[in-house]
Amino acid sequence: MGEVSALSEKLNCEVIPADATNVEDLQEVFRRSMEVLGGPVDFILHSIGMSPNVRKKRTYDDLDYDMLDKTLDISAVSFHKMIQTAKKMNAVARYGSILALSYVAAQRTFYGYNDMADAKALLESIARSFGYIYGRENQVRVNTISQSPTMTTAGSGVKGMDKLFDFANRMSPLGNASAEECADYCILMFSDLTRKVTMQNLYHDGGFSSVGMSLRAMATYEKGLDEYKDEHGNIIYG
């Protein structure tokens, strides 16, 4: 488990490994969590995303559909499995909070983001649908946070991620939100300060999602596209 194990030792807490796409593994996570904590958990964070198509550099107009199934299962359907399992096991305390990390590509098209955009759109839909049910029945709130491009292990696999990161930073009046700042926002969403916020997709992106074109981004607009062309000189848009 690498750095996760080191963190668990530092915090003197137990790490319970699981395949998030496997319901039996998820059941064990919640069973063991309630055993260790002495009752239901107060909050859950879904921070998982992976696309085999992106890793294999398959463009959106040439997807492998078995890989697409894996993308959706890992990046979005696992969120549904997690919530459904928790609900059936009464594993989240009343007035608890469930979060998932999303990206603005669920609403807009971004070069290279590929089928992960479809996964994020599904992720946000699951939050709304389950947010209604879980809120009515158990007062548990479900939201997604649409974070700035962040240099995570999953994010680094997106084609042109370094350029997307730079572009978003130039576009955002406050600059990109860091991973640490995202963690702070998650803590806020887990707290009682947001007890009436649910079924929302909340942008945490330094203002990127509301900007059409910034001066800093426009200043770097006129550049060549040679690195995005194939051997015949055609631009690869996928």
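This is a predicted model: local features need pLDDT of at least 70, side-chain atom pairs count only at pLDDT 80 or more; totals for chains, interfaces and linings use all residues.

**Charged pairs, then the core**

I started with glutamate 35, which has 47% relative accessibility and so counts as partly exposed. The scale I used: buried is under 20% relative accessible area, exposed is over 50%, and partly exposed is in between (1.4 Å probe, protein chains only).

Residues are numbered from 1 along each chain as its sequence is written, and side-chain values use heavy atoms, with hydrogens and water left out.

Which side chain does glutamate 35 meet in a salt bridge? I found arginine 31 there, at 3.0 Å, N to O. (A salt bridge is a side-chain nitrogen of Lys or Arg within 4 Å of a carboxyl oxygen of Asp or Glu.) Both residues lie in helix α2, four residues apart, about one turn of the helix. Helices here are DSSP runs (H or I, at least four residues), strands are too (E, at least two), and they are numbered from the N terminus.

Arginine 31 also forms a salt bridge with glutamate 28, with the closest N and O atoms 2.8 Å apart. This pair sits in helix α2 as well, three residues apart, again about one turn. I checked accessibility: arginine 31 is partly exposed at 37%, and glutamate 28 is partly exposed at 35%.

Next I looked up aspartate 62, whose side chain meets that of arginine 58 in a salt bridge (3.5 Å, N to O). Aspartate 62 is partly exposed at 43%, and so is arginine 58, at 26%. Salt bridges with shared partners join Glu14, Glu28, Arg31, Arg32 and Glu35 into one network. My search of the whole structure gave eight salt bridges.

Then I went inside. The largest nonpolar core has 20 residues, and Ile44, Phe79, Ile83, Val92, Ile98 and Tyr134 touch the most other members. (Such a core is a set of buried Ala, Val, Leu, Ile, Met, Phe, Trp, Tyr and Cys residues joined through side-chain atoms within 4.5 Å.) Elements giving two or more residues to this core include β1 (41-46), α4 (65-88) and α5 (116-138). Apart from this core lies another, of 14 residues, including Ala105 and Met171.

What does tyrosine 134 contact, leaving aside neighbours within four places in sequence? I listed Ile83, Ala86, Lys87, Val92, Ile98, Gln139, Val140 and Val142, with contact meaning heavy atoms within 4.5 Å.
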